[in-house]
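Biologist: Please show me the protein, and let us then discuss the terms used to describe it.

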Amino acid sequence: MTTDQPALTSAVPAPRSAPAGDAGPGPGPAPRRGFLAKAFGITAVLSAAGSGLGLLRDLLLARYFGANQGTDAFLVAWTVPETAAPLLIEDAMSFLMVPAFALALVLREEHPDAPDPVRQLVRATLPWLLLALSGLALAVALGAPELVDLLAPGLADPGLAVACTRITAITVLPFGVAGYLAAALRAHHCFTAPAGIYVAYNLGILAVLLGCQSFLGVRSAALGVALGSLLMAGLLVGPFLRRLRRGATAGRARRSRKALVLMPLALLPVAAFTLTRQSQVFVERYLGSALPPGTISHLNYAAKVSQLAMTAGILICTVTFPLVARALAAGDLTAARDRVEKDLGQAAAVVLFGTAFLMACAPSVVSLLFQRGAFGPQDTAATAAVIRVYSFGLPAQALIGVIVRPYFSLRPVVRRADDPGTEDGGRRLLDWYPVAAMLLGLGVTVTVGLLATPRFGALGLAAGNAAGITAAAALLLHGLLLRGIPLRLRRVLGGHGRLAAAAAGATVLGAAAAGLAADPLLSTLLGGLTVALAFAALGTGLGAREVRGPVLAAARALNPPTVADEGKLPHGQ
């Protein structure tokens with residue numbers, strides 16, 4: 001593999017065919033529908049387990065430490081892993097490396113007797129990544145005082161925040177390794193180990209928190225974060241090495257032919273986008289540090305609960321992203337468009353259902369989860385109010401998560417060695433469109449936050465977050481068309497409109513049902529059941545495909561047709 005800094009000559013890669021006399025299978029067949037269902041099931045179960053353990057972690061933080069200046073200090077330190085996780089695991093690393101490994105796998109299938117492009121990719125990228133991550137972790141640890149002062153200048157206990165920040169700085173290296181290995185495994189259609197990383201992460205946090213909180217206080221949570229990150233990376237090393245060895249053959253041992261060219265500058269817009277997106281949190285921490293103690297904690301607890309719905313929606317495109325990247329690497333634009341449209345609809349259905357539930361049942365959910373120990377009724381009321389405001393931005397969060405994956409897949413961190421490297425300033429400029437969209441959205445967040453915070457406090461910050469992320473999502477949806485993926489926008493927006501109408505009706509009915517009971521558990525059950533039934537009925541009635549299909553399938557499963565009924569159907573259908 002060689003390195004240079006060319007631009008792609010076209011927004012979309014041209015379709016490829018095997019060379020004359022080459023019996024290679026080309027890009028390979030798409031996985032069977034059963035495989036996708038199984039992969040999604042495994043990912044959903046393990047991700048739910050990780051989210052459940054994360055929720056238990058937050059419950060223990062609330063029980064042991066409540067919402068005060070100590071938890072505020074820890075949460076400022078937690079900004080480091082909160083920023084590193086999307087940059088190095090969930091977003092930037094995935095956006096860069098899943099398409100890169102997908103292209104390497106396409107080349108491996110097109111030229112099975114050539115040197116293995118997957119190994120070439122690993123040799124060219126992994127050593128530099130380890131060196132960069134080690135330097136970044138050291139820089140964060142040494143610059144912790146300045147970082148804390150920059151993030152939260154009004155913090156009541158900056159010394160504790162600095163100590164916790166230096167501990168959490170360790171996470172940068174294992175997070176990056178975990179993100180790289182997870183991207184490689186997902187590109188190979190291996191989802192079990194990557195889906196389990198947050199289980200390992202939260203188990204590490206819980207072990208240290210339970211064992212050391214009595215004498216280390218909130219520092220135990222920071223130490224747990226560091227241990228959990230090491231467990232996360234360790235979980236993926238074995239599966240990655242097995243996949244790498246499995247792809248080696250005698251013919252691929254030769255290194256004379258370079259199949260891929262590394263494009264280092266391609267990582268800059270991806271990293272900038274992820275950091276700009278994460279800046280929403282920076283704005284909240286900065287403005288929230290000037291509000292009464294506990295405000296940052298209320299925002300954090302609300303965000304953790306709210307994002308459970310968004311995370312569930314993003315699981316869909318986590319499984320399908322390698323398929324989109326593979327289709328784009330092979331030049332199959334129609335398959336990529338169809339998959340993206342389907343992902344947008346399915347993610348919207350899941351997130352809007354979760355949004356309706358949270359808006360209807362926020363007080364009972366927060367009371368049920370958090371109201372014990374040092375977390376009192378006032379904390380419950382404040383957190384529930386923030387959740388309801390946050391929820392307005394959840395559909396946009398999910399939309400962005402789906403859109404940016406194919407957007408960045410069109411210019412991965414590598415290209416084929418036989419592709420021309422002609423500069424194209426216009427298309428290179430498009431690489432930075434998501435960054436510009438997020439910057440404009442961030443401007444909306446800051447403006448709304450500054451105007452609303454003096455009067456509404458934490459609710460003003462949450463409103464700014466929702467408004468900013470919604471503006472950015474609208475811009476990014478247009479950007480995908482500019483990038484060359486011909487989404488049928490009227491069809492997509494029409495489907496989202498029907499889902500939003502169903503969610504609005506379900507919210508009203510669910511809130512009325514939740515208000516019938518004073519007990520938090522009963523209120524949550526009543527409200528949740530009402531939301532589920534109303535969303536299913538309204539979505540089906542309004543013709544939302546993502547709701548109507550599963551509802552009709554469930555109805556057929558509960559009432560299978562009799563032999564007499566089947567005889568009445570045309571052609572035996």
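**Terms and the values behind them**

Modeller: Of the 573 residues in the protein, 55% are buried. Please note that this is a predicted model.

Biologist: What does the secondary structure of the protein come to?

Modeller: The protein has 23 helices and three strands. As for contacts with a separation of 6 or more, 85% of them join residues 24 or more positions apart.

Biologist: How are two packed helices described?

Modeller: The description uses the angle between the axes of the two helices and the distance between those axes. For helix α4 (residues 92–110) and helix α13 (residues 295–329), the axes come within 9 Å and cross at roughly 55°.

Biologist: Which residues of α4 and α13 meet?

Modeller: In α4 they are S94, F95, V98, P99, A102, L103, L105, V106 and E109, and in α13 they are F321, P322, A325, R326 and A329. By class, this contact of α4 with α13 has 11 nonpolar residues, one polar residue and two charged residues.

Biologist: How many aromatic pairs does the structure hold?

Modeller: The structure holds nine aromatic pairs.

Biologist: What makes F175 and Y201 an aromatic pair, and how are their planes arranged?

Modeller: Rings pair if their centres lie within 6.5 Å, and the centres of F175 and Y201 are 5.6 Å apart. Planes over 60 degrees apart count as edge-to-face; the angle here is 70°, and the pair is edge-to-face. F175 lies in helix α8 (residues 172–187) and Y201 in helix α10 (residues 197–216), so the pair ties together parts 26 residues apart in sequence. Both F175 and Y201 are buried.

Biologist: Why is the pair of Y301 and F370 called tilted?

Modeller: Stacked planes are under 30 degrees apart, and edge-to-face planes over 60. The planes of Y301 and F370 stand at 40°, with ring centres 5.2 Å apart, so this pair is tilted. Because Y301 is in helix α13 and F370 in helix α14 (residues 333–370), the pair ties together parts that are 69 residues apart in sequence. Y301 and F370 are both buried.

Biologist: Which residues form one aromatic cluster?

Modeller: F101, Y180 and F240 form one such cluster.

Technical notes
Residues numbered from 1 in each chain as written. Predicted model: local features only at pLDDT ≥ 70, side-chain atom pairs only at ≥ 80, totals over all residues. Heavy atoms only, no water. Axes fitted to C-alpha atoms, helices over the stretch in contact; angles between N-to-C directions. Helix = DSSP H or I, 4+ residues; strand = E, 2+ residues; numbered from the N terminus. Contact = heavy atoms within 4.5 Å. Nonpolar A, V, L, I, M, F, W, Y, C, P; charged D, E, K, R; others polar. Phe/Tyr/Trp six-rings, centres within 6.5 Å; stacked < 30°, edge-to-face > 60°. Buried < 20%, exposed > 50% of the residue type's maximum accessible area, 1.4 Å probe, protein only.
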